[in-house]
Amino acid sequence: MTTARPALSDARLYLCTDARRRQGDLPQFLDAVLSSGVDIVQLRDKGMEAGEELRHLEVFADACRRHGKLLAVNDRADVAHAAGSEVLHLGQGDLPVPAARALLGPDVLIGRSTHAEAEVDAALTEPGVDYFCTGPCWPTPTKPGRHAPGLDLVRYAAARAPERPWFAIGGIDARNLDEVLQAGARRVVVVRALTEADDPGAAAAALARRIRTWDAPDALDAPDASAPSRPVREAG
């Protein structure tokens, strides 16, 4: 746990994935993405009983240990405690942060979802919060019916220059990543961009490389050929 906070500070690419029961390739999938640029991986498989979730989380935890990456649990502090995960992510309607902190102690990192400016403002200062996610940037089938505040909320979060790490989330992939980075995000959460990729490892590497080189002085002069092209900026 002593290395979790520095790892969060350095993290740029956060993946949410189901347990790959349909594909049957969870260990191979995790090895591919965690060795290629994913810094945090969260098991998000709604409706799964705690016992089954814990069995799958053993596979996640083993992969994260071997690759030196962070494991996140979604919603449930009890499951995070039982799994020994470094990260718990809470939505606006989940267990309050003080209650989760009381259960997990000071070392487990706690993240928050934010969908509006007031929620961003709260996440900036709420005691016990270590990072937050802002979105959805675009409507996404993983959150059906949820309003997408879009890139305006990303711009709002970036303008606040938060000291806490924060991630843009919601419908982000290689085609629109540049728009998210232009809006001010430097960390992103993805789902289908990797879970539905033909080559998850290569897709993770391209996304991570694009994020980490966005602010590089030579990024405009020598863009990575495997990354999505940067939109042309108008003069003036």
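**Note on the predicted model**

1. Overall make-up. The protein has 10 helices and eight strands. This is a predicted model. Of its 236 residues, 48% are buried. Take the contacts between residues at least 6 apart in sequence: 58% of them join residues at least 24 apart.

2. Strand E2 and its two faces. In a regular strand, side chains alternate between the two faces of the sheet. Strand E2 spans residues 40–43, and both of its faces are covered. Ile 40 and Gln 42 are buried on one side. Val 41 and Leu 43 are buried on the other.

3. Pairing of E1 with E2. Strand E1 covers residues 13–17 and runs parallel to E2, with four bridges joining the two.

4. Pairing of E2 with E3. Strand E3, residues 70–74, is parallel to E2 and is also joined to E2 by four bridges. Here Ile 40 has Leu 70 of E3 as its bridge partner.

5. Packing of H2 on H3. Two packed helices are described by the angle between their axes and the distance between the axes. For H2 and H3, the angle is about 30 degrees and the axes are 10 Å apart. The two helices are therefore roughly parallel, as the cut-off for that term is an angle under 35 degrees. Their crossing is right-handed. On the H2 side, the contact uses Leu 26, Pro 27, Leu 30, Asp 31 and Leu 34. On the H3 side are His 56, Val 59, Phe 60, Ala 63, Cys 64, Arg 66 and His 67.

6. His 56. Beyond neighbours within four places in sequence, His 56 is in contact with Ala 19, Arg 21, Leu 26, Leu 43 and Met 48. Leu 26 belongs to the H2 side of the helix pair.

7. Val 87. This residue lies in strand E4, residues 87–90. Val 87 is buried, at a relative accessible area of 1%. Which residues does Val 87 touch, not counting those up to four places away in sequence? They are Tyr 14, Leu 70, Leu 71, Ala 72, Val 73, Val 108, Leu 109 and Tyr 131.

8. Packing of H6 on H7. Helix H6 covers residues 117–125 and helix H7 residues 151–159. Their axes come within 10 Å and cross at roughly 30 degrees. H6 is therefore roughly parallel to H7. The crossing is right-handed. Glu 117, Val 120 and Asp 121 make the contact from H6, and Leu 153, Tyr 156 and Ala 157 from H7.

Technical notes: Residues numbered from 1 in each chain as written. Predicted model: local features only at pLDDT ≥ 70, side-chain atom pairs only at ≥ 80, totals over all residues. Heavy atoms only, no water. Buried < 20%, exposed > 50% of the residue type's maximum accessible area, 1.4 Å probe, protein only. Pairing = 2+ DSSP bridges. Contact = heavy atoms within 4.5 Å. Axes fitted to C-alpha atoms, helices over the stretch in contact; angles between N-to-C directions. Parallel < 35°, antiparallel > 145°, perpendicular 65-115°, else oblique. Left-handed = near helix turned anticlockwise from the far one by under 90°.
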